[in-house]
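Hi everyone, thanks for coming. Please take a look at the structure on the screen, and then we'll walk through a pocket and a few residues together.

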Amino acid sequence: MENDLMDIFEPEKNGVEQALKALEEAAFPPEPEPGSETENEQGQEIETEAAEEDVSVEKEPAEEETVPGEEKTEDEPASDDEEAEEETVSGEEPVADETCEPEPEMAESDGIKSKLQLILSRIRTLAEQDRRFTIAVAAAAAVLVVLLIAAALLPGKDGEDVVQEEPAATESVEDNVTTLYITRVEKPGAPEKEYVPVAGTEVVEKTPLFWGIDVSEHQQEIDWKTVSSAGVDFAMIRAGYRGYTEGQIYADEYFKTNMREAHKAGVDVGVYFFSQATSVEEAVEEAKFVLELIKVWDITYPVVFDWEFIENSTARTYSMTAKEVTDCAMAFCETIAYAGYTPMIYFGQNASIEHFDLERLMVFDFWLADYTDTPVFPYDFQMWQYTSNGQVAGIDGDVDVNYCFSEYKTTEASQ
């Protein structure tokens, strides 16, 4: 990881070298060809100023001796050639040392830093010799500061700041892994069967809390006391239905009788409506019809939207799309919920896939019809109709039998 970062900053180091070279050329431009007027003029000016500096040094030795911190070796007389060589090669001019002392950490670097100090010293010398060069010196100094900052930003030996970013990438990948929670239940008394979930899924086991039935006029007379004695905890009673050809709404002939006798026997009740609505308006009409029927009864369990596909081309719902059916379910359930009851949607495994958008309907309770011993469903469901040919004492013939996994209470609307 550290080597990769050094490769990233390699262009920055090359840029520093180019900038240093440009500054060095600006400080020491190439000498013009012999005979040039510019060469003669500049040479004369430099020699004159150098001579003046030499004279001032020789005439004022006492002042230099009184300056603190200077070494005696610099006060010893030296030839002009030696002083010139010392200024151009070593760059250890007293002015440069006083104004640009290196920090202790920077002193350890003898690469980029030493070259920058050398060029800065030369630029200062030119600035003192030629005051017209002041603006150029200020610009060059600014560039040098920027380059020093860029060099200081190169990663150190530990590279701890870079290494710490690596686990974040791993965590983000793990966060994207989704788990599909599926619901599974075993019918009491059925042979135990081992279930191995598919990769990426987690099974939510359901445990039945209550045992119940759902009935309509098709069961005709029911001995509810015997039903209660058989252990039935609840009953879902059909309130009515809509015809699938003409679209008329009818009340179930045994609705009132079943409601009255179930309550007398101590069986909690919920209701369902067999829908063939083809629009949101018809779904709301069905919900209002049910609400009118149940307003005088205590309702403990949900009020259910039971829309089923009729495999007959003459059915008015034959060409409905899943979106249209889902819209009807939403309208029915919202109307029921607004009235203070618990809405629920009934469907089978196939119908749930073909005729409903369950993602939109997840806010409501689900009643799943699945006649296998161990249903597996990709959504949570609160009630399971596990057979349509159950046998219960007090009822002649077959009857739908259910398990409920939620504890419902009498709704405030029916109190």
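**A pocket and a buried aspartate**

Let's begin with the second largest pocket: by class, its lining has 14 nonpolar, 7 polar and 8 charged residues. Here Ala, Val, Leu, Ile, Met, Phe, Trp, Tyr, Cys and Pro count as nonpolar, Asp, Glu, Lys and Arg as charged, and the others, Gly among them, as polar. This is a predicted model, where local features need pLDDT of at least 70 and side-chain atom pairs pLDDT 80 or more, while totals for chains, interfaces and linings use all residues. Residues are numbered from 1 along each chain as its sequence is written, and side-chain values use heavy atoms, leaving out hydrogens and water.

Which strand gives the most to that lining? It's β8, with 3 residues; strands are DSSP runs of E, at least two residues long, numbered from the N terminus.

Now find Asp-370, in the loop between β9 (365-369) and β10 (376-377). Is Asp-370 buried or exposed? Asp-370 is buried, with a relative accessible area of 9%, where buried means under 20% and exposed over 50%, with partly exposed in between (1.4 Å probe, protein chains only). Leaving aside neighbours within four places in sequence, Asp-370 is in contact (heavy atoms within 4.5 Å) with Gln-349, Pro-375, Trp-384, Gln-385 and Tyr-386.

Notes:
Helices (H or I, at least four residues) and strands (E, at least two) are DSSP runs, numbered from the N terminus.
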